[in-house]
Amino acid sequence: MASGHTTLSLENELNCPLCLQLLSDPVILGCGHDFCRQCIMKHWENATQAACPECGQVFQDRTLKSNRALGKLVKKSRNHSLNLKLRGNKPYCIEHEEELKLFCETDKKLICVMCLDRRDGRSHKAHNFMLINEAVEIYKEKMKVSLNTLKQKKSYYQEFEFKQQEKITEIKDQSNKLQSHITTEFSKMRSVLDEKQQNLFIDLTKQEGDVLSRMEANLRKIQDNLNRTQQMLSNVQKRLEHQDVYTMLKEPPLDEKSAEDDYQPTIAEGNLPIGIFQGPVQYRVWKQVIDVISPVPTYLTLNANTAHPRLLLSEDLTVVTYGDMKQDVKDNAERFDTCVCVLGSEAFTSGKHYWEVQVGSKTEWDLGVVKESISRKGHTTATPESGYWIVWLRNGNEYKATTVPRTRLNVPKKPRAIGVYLDYEGGQVSFYNVENMSHLYTFIDIFSGRLFPYFSPGINDDGENAEPLRILPVRCHEE
């Protein structure tokens, strides 16, 4: 109880003489009396002179000096008083030390009754406010709605998170499979190339051995005769140098026949077959290893029975040109009557295949793969869903894939030949610039039924697209 009385006594001493509340931002006047800064300023607002409300002392200067020490003491007293009141587990207004019973919706804060009529002009009276219990119920309902919304959003994001993780895993698996495929394909090539290299080394070593064995045998024969001649020369030299005449004459000199050997040395000639080892080695080996290339470049021809009447085919069925007029040809079920195109003769139902088509400087062409079941009569929209997996050129520089919507391709350098790759089981049709084998576009799909190579040289109404399409003979056969 003593503590409570002491606290009340201390609070009374710390009250502002004007507002009778705990001092707020206390200032000290020259006479030593303390007031709230706002209270004394408001008191002097309409006064003719600045005088202390307590003792009446007049001041020439209205400058106010903060009493920081007293401010700290007031703060401690306020906190102590508030702690005593909070023991009842009720929220209190720190400024007015009143229980917080209202909620100001405008400022989103709890207020007491006295906060509605503040003398400093910061009143909540014009704001929207309600009892705390009412506000709690309203906010609970709002939070329930927010909770359901957030749960739905969480489920929505979790679904996308799962799908994205699936895609990431799919790409990683795809990358690992592609790395394994690349490693396997290059291992096959390296294995064959290493074998061919070793065979060339073996052949070179044998050729070297044959040539050197003849040369070394001849060298040994020359050396044997050289040694005998050297020995005879030494003996004659010694006899010439002998001082004893009798001894010199005791043995007759060598006759000319003995001094001259019947052996006539020669140089054994020989050369390595440079043409075998320093000729077009890479080309010869390439022709030998063509069988390990997968897919083997396919030899294609055109099916004349499918060609539009305006198309002209070469005798060997590898070149197609847009003609000036329609040909008098039979209108069979296979023939296209509207689309200016022709199919390849060979159908694919499995495996991997690759072919190349020369497009030159044409301004328009279509190339790719189509289903056997596509419509041959009338107009049709080329899409994968309708059985077309093709890439085309329009206006000389607009390259597109026949997706929905069309995919515009970024082709930095105009290709003069296009490579087409079909992996039937893998569901892949890819297109390449033959010059540098740069990738242009890839369709991924599931194939069924027979697929045919597709060729369209485009129309030539402007006279700038007269060049033909030419199937390039990319397969090499060892003679």
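Are Phe431 and Phe443 buried or exposed? Both residues are buried, where buried denotes a relative accessible area under 20%, exposed over 50% and partly exposed the range in between (1.4 Å probe, protein chains only). The model is predicted, so that local features require pLDDT of at least 70 and side-chain atom pairs count only at pLDDT 80 or more, whereas totals for chains, interfaces and linings use all residues. Residues are numbered from 1 along each chain as its sequence is written, and side-chain values use heavy atoms, with hydrogens and water left out.

Ten aromatic pairs are present in the structure; rings of Phe, Tyr and Trp (its six-membered ring) are paired if their centres lie within 6.5 Å, with planes under 30 degrees apart classed as stacked, over 60 as edge-to-face and the rest as tilted. One of these is the stacked pair of Phe348 and Trp355, with 5.7 Å centre to centre and 20 degrees between the planes. Phe348 counts as buried because its relative accessibility is 2%, and Trp355 likewise because its value is 1%.

The pair of Phe431 and Phe443 is edge-to-face, at 6.2 Å centre to centre and 75 degrees between the planes. Phe431 belongs to strand E18 (residues 428–433) and Phe443 to strand E19 (residues 438–444), and the pair therefore ties together parts that are twelve residues apart in sequence. Strands are DSSP runs (E, at least two residues), numbered from the N terminus. A single aromatic cluster is formed by Tyr156, Tyr157 and Phe160.

Charged groups also sit over rings, a term that requires NZ of Lys or CZ of Arg within 6 Å of the ring centre and within 35 degrees of the ring normal. Lys142 lies over the face of Tyr139, 5.3 Å from the ring centre, and the charged end of Arg394 is placed over the ring of Trp392, 4.4 Å from its centre.

Technical notes
Helix = DSSP H or I, 4+ residues; strand = E, 2+ residues; numbered from the N terminus.
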